Amino acid sequence: MKTFRSHIRTATLALAAAGVLASQAIAMPAIEPSAEQPVVLAAGDCYAIGQQVAAQNGGTLAKASQSTRGGQPVCVIVVLVPGKEGQRPRRSEIVVPLN
């Protein structure tokens, strides 16, 4: 014979499981994205360009972001170049066209 407490425990577990399954069903996208839409990875490209610019200048990459200047997409790269004779690093902002 099951006690009242075990019936409550079973009902609670069943409701919790149903709630988890329902929340997963709601979280799924209603419309599947099409593969025809182009994927633009500009931030990744700017980061790679920033790494190259930092290496060329002998500094470390602080920031790489995409922007539009004059109607053209560009990467705005911020490089920290070590200071001379123990001075603090210099901040150098370089704008590179995104090709």
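This is a predicted model: local features need pLDDT of at least 70, side-chain atom pairs count only at pLDDT 80 or more; totals for chains, interfaces and linings use all residues.
Me: Which residue is the bridge partner of Gln66 in E2?
Reply: The partner of Gln66 in E2 is Cys75. Residues are numbered from 1 along each chain as its sequence is written, and side-chain values use heavy atoms, with hydrogens and water left out.

Me: What stands opposite Cys75 in E3?
Reply: Val96 of E3 stands opposite Cys75.

Me: How many bridges join E2 to E3, and how many pair E1 with E2?
Reply: E2 and E3 are joined by eight bridges and run antiparallel. E1 and E2 pair over nine bridges, also in the antiparallel sense. Two strands count as paired if DSSP finds at least two bridges between them.

Me: In what order do the strands lie in the sheet?
Reply: The order is E1-E2-E3, in an open sheet of three strands with antiparallel pairing. Strand E1 (60-69) and strand E3 (90-97) are the edge strands, each pairing on one side only. On average, neighbouring strands are turned by 20 degrees against each other, direction ignored. Axes for such angles are lines fitted to C-alpha atoms, for helices over the stretch in contact, and angles run from 0 to 180 degrees between N-to-C directions.

Me: What is at the hairpin of E1 and E2?
Reply: Two residues lie between the strands, and Gly70 takes a positive phi near 65 degrees. On the strands themselves, Arg69 has Gln72 as its bridge partner in E2, and Thr68 has Pro73.

Me: Back to Cys75. Which residue does a disulfide join to Cys75?
Reply: The disulfide joins Cys75 to Cys46, with an S to S distance of 2.0 Å. Cys46 lies in helix H2 and Cys75 in strand E2, so the pair ties together parts that are 29 residues apart in sequence. The link of Cys46 and Cys75 is left-handed, with -80 degrees about the S-S bond. A search of the whole structure finds one disulfide, the criterion being a pair of cysteine sulfur atoms within 2.5 Å.

Me: Is Cys46 buried or exposed?
Reply: Cys46 is buried, with a relative accessible area of 0%. Cys75 is likewise buried, at 0%. Buried means under 20% relative accessible area, exposed over 50%, and partly exposed in between (1.4 Å probe, protein chains only).

Me: What is Cys46 in contact with, leaving aside neighbours within four places in sequence?
Reply: Cys46 is then in contact with Ala64, Ser65, Gln66, Val74, Cys75, Ile77 and Leu98. Contact means heavy atoms within 4.5 Å.

Me: Which residues form the largest nonpolar core?
Reply: The largest nonpolar core has ten residues: Cys46, Ile49, Val53, Ala54, Cys75, Ile77, Val79, Val81, Val96 and Leu98. A nonpolar core is a set of buried Ala, Val, Leu, Ile, Met, Phe, Trp, Tyr and Cys residues joined through side-chain atoms within 4.5 Å.

Me: How many residues of E2 are buried?
Reply: Seven of the ten residues of E2 are buried, so the strand is mostly covered. Across the 99 residues of the chain, 16% count as buried.

Me: Changing topic: where does Glu85 lie?
Reply: Glu85 lies in the loop between E2 and E3. Its phi is near 55 degrees, a positive value in a residue other than glycine. Glu85 is exposed, with a relative accessible area of 84%.

Me: What pattern does the chain follow along the sequence?
Reply: The chain follows α-α-β-β-β, with two helices and three strands.

Key: Helices (H or I, at least four residues) and strands (E, at least two) are DSSP runs, numbered from the N terminus.
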